[in-house]
Amino acid sequence: QLVDQVVSAVNIDAHCELIKDKWRRREWIAIARRMTLQGYDLATPWTQVVSEGEAQLYQFLTTEQSQKGIQHISEYCHREMDRIAEAEAGGQIVKALSTGFWDLDALTHGAPEEELIIIAGRPAMGKTSFVLRLARNVAAHRPVAVFSLEMSGDRLARRLWSAESRITPGHLAQSPNLREPAIAGIGQVAGMNIWIGEFNTEIEAICTNARRLAAEQGQLGAIAIDYLGLIDLPAAGNEASALGKITRRMKLLAVELKTTIFLLHQLSRAPESRTNKRPQLSDLRDSGKIEQDADQVLFMYRDEYYHPDTPDRGIAEIIVAKNRNGPIGTVKLLFEPQFTDFKNVARWSG
């Protein structure tokens with residue numbers, strides 16, 4: 001009826017743009033009103049006010065849609081057909097970046113978008129070193145944010161250039177002739193697309209900084225957080241419930257920013273009481289929400305830590321105990337403690 005009542009539809013595009021412009025402005029005003037009300041709510045912590053406000057603005061600016069609502073299944077099928085067409089043209093059906101570890105990529109499809117990956121283990125298994133290697137590998141394709149809640153940015157940078165130059169800081173102090181290759185390694189690390197946030201343990205601050213970096217740099221390849229136990233717990237009935245709130249926020253952040261989040265977690269002493277010290281999902285029993293929210297659960301285990309005479313000296317096991325979109329299994333990597341670095345066993349063995 002509308003088409004019949006106009007003389008010409010020649011300006012229909014301009015009219016559509018006017019309608020969209022009015023809608024955008026109404027949405028913007030609605031967001032501003034909500035943010036104003038939150039600002040007056042003194043019962044809400046300031047960091048939460050800022051984080052929730054930025055989340056609303058980020059979602060609006062990136063999607064121009066405050067709520068996705070409910071969609072017919074055909075909409076999702078159309079997107080799947082687009083992904084298949086993209087894969088035929090040389091892309092991927094599951095959008096993921098390589099972890100740099102071939103066997104792990106084969107098992108988990110790499111680092112898929114919108115996934116929360118828990119990397120857990122007992123102390124001294126190499127969790128921080130492993131996630132730094134993942135960050136280096138992913139940063140070759142997209143920006144990576146590393147939030148270190150335990151270790152300073154200086155120490156992280158030192159680990160990175162030591163692994164890159166194959167020189168330990170101790171050897172550098174004893175051999176001045178290593179200064180030049182060490183500087184070359186530092187230069188290589190300085191050029192990596194890695195951003196470090198240190199010692200900020202508030203979940204809202206982590207989310208806010210991640211959103212700002214995504215807005216400045218474009219889509220993030222990954223976010224690494226070291227580690228879950230150091231994040232300030234929100235008010236909740238008990239610790240398990242509070243940890244569950246954090247992992248849920250991390251999962252929602254991964255979906256919001258369309259990135260992968262690597263969240264490190266330090267296990268309790270439960271594996272120490274068993275003959276087989278390898279971690280298992282039941283070790284997350286006291287925090288079952290962690291297992292529930294995670295798309296993948298990777299346990300780290302080094303047999304030589306418990307058995308110095310093991311034939312697997314220098315080998316680290318990455319136990320894929322949960323994989324929402326694929327199989328589970330164990331991947332073996334070479335661990336180089338002097339450089340706190342990991343490598344593919346196949347490449348190392350030639």
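1. Starting with N209: at 35% relative accessibility this residue counts as partly exposed, a class that sits between buried (under 20% relative accessible area) and exposed (over 50%), using a 1.4 Å probe and protein chains only. N209 is in helix α9, residues 203-217; helices here are DSSP runs of H or I with at least four residues, strands are E runs of at least two, and both are numbered from the N terminus.

2. Residues are numbered from 1 along each chain as its sequence is written, and side-chain values use heavy atoms, with hydrogens and water left out.

3. On confidence, the protein averages a pLDDT of 84, and 89% of the residues score at least 70; pLDDT is the predictor's confidence in each residue, from 0 to 100. Strand β8 (residues 296-301) has the highest confidence, at 95, while helix α13 (residues 345-349) has the lowest, at a mean of 55. Where pLDDT is low, the predicted coordinates should not be read in detail.

4. As for cover, 12 of the 12 residues in α5 are buried, including K127, R133 and R136.

5. K277 is worth a look. This lysine lies in the loop between β7 (260-266) and α11 (288-293), and is buried without a salt bridge, the nearest side chain of opposite charge being E272 at 5.2 Å. A salt bridge needs a side-chain nitrogen of Lys or Arg within 4 Å of a carboxyl oxygen of Asp or Glu. Instead, the K277 side chain reaches the backbone oxygen of E272 at 2.7 Å and that of R274 at 2.9 Å. Leaving aside neighbours within four places in sequence, K277 is in contact (heavy atoms within 4.5 Å) with P271, E272, Y301 and Y306.

6. Finally, D293 in helix α11 counts as buried, at 4% relative accessibility. Its side chain reaches the backbone nitrogen of R248 at 3.3 Å. Not counting residues up to four places away in sequence, D293 touches L116, G244, T247, R248, K251 and R324.

Methods:
Predicted model: local features only at pLDDT ≥ 70, side-chain atom pairs only at ≥ 80, totals over all residues. Lys, Arg positive; Asp, Glu negative; His and termini not counted. Polar contact = N/O pair within 3.5 Å; in protein donor to acceptor, adjacent residues only side chain to side chain.
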